[in-house]
Amino acid sequence: MVDQQQLYAAWTGTVEDLKGIVSERALSGETMLLNMGPQHPSTHGVLRLLLELDGEEIVTCVPDIGFLHTGIEKNMEAKTYEKSITMTDRMDYLNPMGNNLVYCLAMETLFELDVPLRAQYARVILTELTRINSHLVWLGTHVLDLGMTSLIMYAFKERERLLDIFEMCSGQRMMSTYFRPGGLWRDLPPEFEDAVTAFIDDFPQTIDDFEALLTDNTLFIERTQGIGFVSTEDTIALGLTGPLLRAAGINWDLRKAQPYSSYEHFDFNVPVGQHGDVYDRYVVRMEEMRESLKIIRQGLKNLPKGPFRSNNRKYVPPPRSELGQSMEAVIHHFKLWTEGFRPPKGEVYVAVESPRGELGCVLVSDGTPRPMRVHFRTPSFVSIAALGPMLTGYQVADAVAIIGSIDCVLGDCDR
Amino acid sequence: MIKDALSTLQAQFGEAVGGQALFREQTSLVVTDLQQLVPIVTALRDTPGLEYLMLVSITAVDWYNQPEAPGTARFQVSYQLLSLRYNHRLRLLVYWDEGDAPIPSITSVYPSANWEERETWDMFGVEFSGHPDLRRLLMPPDWDGYPLRRDYPLGYETVQFSFNVDEINKHKPFAKE
């Protein structure tokens, strides 16, 4: 172990420490270093960027993360598998259902646990609603950064309807923890279908209204077209996924390529851009919302009846009604809520398409009731890592537009 | 087809690549010779028929004093590769112990490995050689220790077991004479 005092003495924070991080010109004072964040409103959370500027031009961009690091992965190692689901909501707080989904899918893959079709369809409907929810927050804040202050109100008004639906299902507006290994926490409520139908009937008009404000708006086009450009090869090399990859012209969507949770039953298109600039990312995300509506409509139409969670009592708790009559059910209930379950040993990697890209979960089990290791491969982490090359060469004023276009959530990035 | 290409690769690198394992339909490949890691990932990226163009994630597992550990080494570093063209995922496994030679960095092959390796070093103390910018990423620059190691306490003080009493006593902030 290193002596603490020695460490502090070494870290006094001089310009010399920045050697190798920024260019030599900054050390001589020829270029200017500008600290952006972590409390800057357009960094969407607590992202800090160290910008090296030559006049108005960005020479180097060094992203600094970790301000929201909460040690979720470490905490999960100390809890049983099922207790950790609540923490997955809190990573990407705009996509709670998607995070529940990837963690539950990883568990189900590891345990080889079946999920009834009704639960799979309900998961698809709810994750697509979450995708719209996330895109609405992105749209509102992105154009707010660009100077249009009214749209965020409209976007949040629509989002509130979605949060009401989540509350209806899970009792919580945001931190839902509605998906559980083997299915759902409880069945979809009877009011669910009407509420979702009302939303998907109204929402196409809302998207049209948003696009009327933006798509042909000269100011918006001037601010977004031709910046934040990443070539197709670089996008792949930097590991960018989701709307960023599709805006660069690659037709890659995990819902199509590696379908999970019965996405193969649904008919939808994958919107693809051409140039890979900020404007194309906007176009792709707007189209994605329309495609999500199509998926939700099909899901509601074909929503099967039947059980909402698996009948495998080794992993899924028995219904409350059985506890009064069956000794077996009492034993299962007791074991599941005290010790947890003992999954087979092994390592799995499961990925889903989150609103921001590929959200992956590495789950390693050593056969005990607690996971040996849980790791989340989060899309925000990868896209913030790519901010350096993405911002270089553009103006300072473009920085907020480009940061907005990658749609980063710092809770997702830092975990 | 991917399987044949992987077998060809295994033949090409001989002893450096261990056996393929299939668990829950996910392929993993053990790289036994660390010095061959960069040529192997370069081949995986460039060989027609494989084309794992995207590095999805790098992470580690600390098998500290675990009877279930797959090898004798303490750390298992796993690389997730993705072939967009053939729609196939591959997991590369590397075993590393403290005191071993550092794992060669693959940032020259996959630029996205930069932050992934930084995070792995930051959280586990797994060393990478040839990395352009190996600084703390999630933890503050003056942080002491590696939080995701199994012997790092979740809170308060390190828990002592009979096998590591002395090791932990050394770091404990006892009153000095």
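1. Start at the end of a helix. Helix 6 of chain A is followed by A:Gly147, and the phi of A:Gly147 is positive, near 105 degrees. Keep in mind that this is a predicted model.

2. Now look at the helix itself. Helix 6 of chain A has 29 residues. From its first C-alpha to its last it reaches 42 Å, close to the 42 Å expected at 1.5 Å a residue. Of those 29 residues, 24 are buried, so helix 6 of chain A is largely enclosed by the rest of the structure.

3. How do helix 5 and helix 6 of chain A cross? Their axes come within 7 Å and cross at roughly 140 degrees. Helix 5 of chain A brings A:Pro96, A:Met97, A:Gly98 and A:Leu101 to the contact. Helix 6 of chain A brings A:Arg123, A:Leu126, A:Thr127 and A:Thr130. By type, the residues of this contact are 4 nonpolar, 3 polar and 1 charged.

4. Next, the core. In soluble globular proteins, nonpolar side chains tend to be buried together. Here the largest nonpolar core holds 153 residues. Which residues touch the most other members? They are A:Val102, A:Ala106, A:Cys361, A:Leu363 and B:Leu81. Helix 6 of chain A (residues 117–145) gives this core its largest share, 13 residues.

5. Take A:Cys361 from that list. Setting aside neighbours within four places in sequence, A:Cys361 is in contact with A:Val102, A:Tyr103, A:Ala106, A:Val350, A:Val374 and A:Phe376. Two of these partners, A:Val102 and A:Ala106, are also among the residues that touch the most other members of the core.

6. The two chains meet. Chain A puts 42 residues into the contact, and chain B puts in 33 residues. On the side of chain A that touches chain B, the elements supplying at least two residues each include helix 5 (96–111), strand 6 (346–354), strand 7 (357–365) and helix 16 (379–385). That side of chain A divides into 22 nonpolar, 11 polar and 9 charged residues.

7. Is A:Tyr349 buried or exposed? With 23 other C-beta atoms within 10 Å, A:Tyr349 is buried; the cut-off for buried is 20 or more. Leaving out neighbours within four places in sequence, A:Tyr349 is in contact with A:Gly360 and A:Val362, and also with B:Gln26, B:Gln80, B:Arg89 and B:Arg91. A:His375 lies 26 residues from A:Tyr349 in sequence, and their C-alpha atoms are 9.3 Å apart.

8. Turn to chain B. Its secondary structure comes to 4 helices and 7 strands. Along the sequence the pattern is α-β-β-α-β-β-β-β-α-β-α. The C-alpha atoms of chain B fill a box of roughly 65 × 35 × 25 Å along the principal axes. Chain B has 177 residues, and 34% count as buried. Among its contacts between residues at least 6 apart in sequence, 51% join residues at least 24 apart.

9. Finish with helix 3 of chain B (residues 113–124). Its 12 residues reach 16 Å from first C-alpha to last, close to the 16 Å expected at 1.5 Å a residue. How many of its residues are buried? The count is 12 of 12, and the helix is mostly covered. Among the buried residues are B:Trp115, B:Glu117, B:Arg118 and B:Trp121. The buried residues pack against helix 16 of chain A, and against strand 3 (54–62), strand 4 (75–83) and strand 7 (128–129) of chain B. After helix 3 of chain B comes B:Gly125, with a positive phi near 75 degrees.

Key:
Residues numbered from 1 in each chain as written. Chains lettered and ligands numbered in written order. Predicted model: local features only at pLDDT ≥ 70, side-chain atom pairs only at ≥ 80, totals over all residues. Contact = placed C-beta atoms within 7 Å. Nonpolar A, V, L, I, M, F, W, Y, C, P; charged D, E, K, R; others polar. Core = buried A, V, L, I, M, F, W, Y, C linked by C-beta atoms within 7 Å. Axes fitted to C-alpha atoms, helices over the stretch in contact; angles between N-to-C directions. Expected span 1.5 Å × (residues − 1).
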